[in-house]
Amino acid sequence: MIHPEFTKILAAEHVEQLRQDARVVRATPRPLVDTRDVELRLCRIADDPQLERLAALAERPLPHGRLVIAATGGQIVAVLPLDGGPALRDPFAKTAHLMPLLELRAEQLRDPAPRRWFIPRYVSLMRGSIHA
């Protein structure tokens with residue numbers, strides 16, 4: 001068994017270490033990324049010219065199938081195939097902050113959450129009235 005005074009000393013040192021860590025976190029500000037103008041959506045037929053332009057900029061063929069698109073200011077800057085595979089990104093635009101958003105949205109669209117089946121209220125009321 002540990003002596004109570006030794007436990008107090010260890011706890012005080014731990015609290016002081018936590019305070020120092022908190023000061024370090026507050027002292028280093030995180031760069032903020034403006035995502036107010038970002039649009040995430042599935043591709044449309046009207047997007048074909050911009051998608052072809054993006055594929056030409058990336059010097060890669062346009063993937064087949066459904067695509068999740070990240071657009072800023074009305075311009076498509078990144079594309080991620082729903083079927084999997086590498087993303088197409090505009091090499092002249094900052095897109096690093098968009099990739100986690102695209103991956104998350106693609107994952108949501110790939111495996112939609114299962115719908116819960118609700119028993120209507122009147123059915124449960126009928127069950128209650130049968131046993132009454």
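Is Glu-5 buried, exposed or partly exposed? I found Glu-5 to be partly exposed, with a relative accessible area of 43%; I took buried as under 20% relative accessible area, exposed as over 50%, and partly exposed as in between, with a 1.4 Å probe and protein chains only.

**Basis of the entries.** I worked on a predicted model, where local features need pLDDT of at least 70 and side-chain atom pairs count only at pLDDT 80 or more, while totals for chains, interfaces and linings use all residues. Residues are numbered from 1 along each chain as its sequence is written, and side-chain values use heavy atoms, with hydrogens and water left out.

**Entry 1: salt bridges.** I counted five salt bridges, each defined as a side-chain nitrogen of Lys or Arg within 4 Å of a carboxyl oxygen of Asp or Glu. Side chains of opposite charge can pair when their charged atoms come close.

I returned to Glu-5 and noted that its side chain forms a salt bridge with that of Lys-8 (3.7 Å, N to O). The two residues are three apart in helix 1 (residues 4–27), which means a separation of about one helical turn. I assigned helices (H or I, at least four residues) and strands (E, at least two) as DSSP runs, numbered from the N terminus. Lys-8 counts as exposed, at 54% relative accessibility.

I then looked up Arg-110 and Glu-107, whose side chains meet in a salt bridge at 3.2 Å, N to O. This pair is also placed three residues apart, in helix 3, and so about one helical turn. Arg-110 is partly exposed at 35% relative accessibility, and Glu-107 is partly exposed at 40%.

Which parts does the pair of Asp-90 and Arg-53 tie together? I recorded their salt bridge at 3.8 Å, N to O. Asp-90 belongs to the loop between strand 4 and helix 3 and Arg-53 to helix 2, so the bridge ties together parts 37 residues apart in sequence. Asp-90 is buried, with a relative accessible area of 8%, whereas Arg-53 is partly exposed at 34%. I also noted a network of salt bridges that links Glu-39, Arg-41 and Asp-47.

Entry 2: I traced an open sheet of four strands in the order 1-2-3-4, with antiparallel pairing; two strands pair if DSSP finds at least two bridges between them. Strand 1 (38–42) and strand 4 (88–89) are at the edges with a single partner strand each, so one side of each has no neighbour in the sheet. Strand 1 pairs with strand 2 over five bridges in the antiparallel sense, and I found Leu-42 opposite Val-68 in strand 2.

I next examined helix 2 (residues 48–58), which packs on the sheet and touches strand 2, strand 3 and strand 4. Its direction makes about 80° with that of strand 3; axes are lines fitted to C-alpha atoms, for helices over the stretch in contact, and angles run from 0 to 180 degrees between N-to-C directions. Helix 3 also packs on the sheet, touching strand 1, strand 2, strand 3 and strand 4, at about 50° to the direction of strand 3.

**Entry 3: nonpolar cores.** I used the term core for a set of buried Ala, Val, Leu, Ile, Met, Phe, Trp, Tyr and Cys residues joined through side-chain atoms within 4.5 Å. The largest has twelve residues, including Val-38, Val-68, Ala-78, Met-99 and Leu-102. Strand 2 (67–72), strand 3 (75–81) and helix 3 (99–110) each give two or more residues to this core. Another core, of ten residues, lies apart from it, with Leu-54, Ala-55, Leu-67 and Ile-76 among them.

Conventions
Contact = heavy atoms within 4.5 Å.
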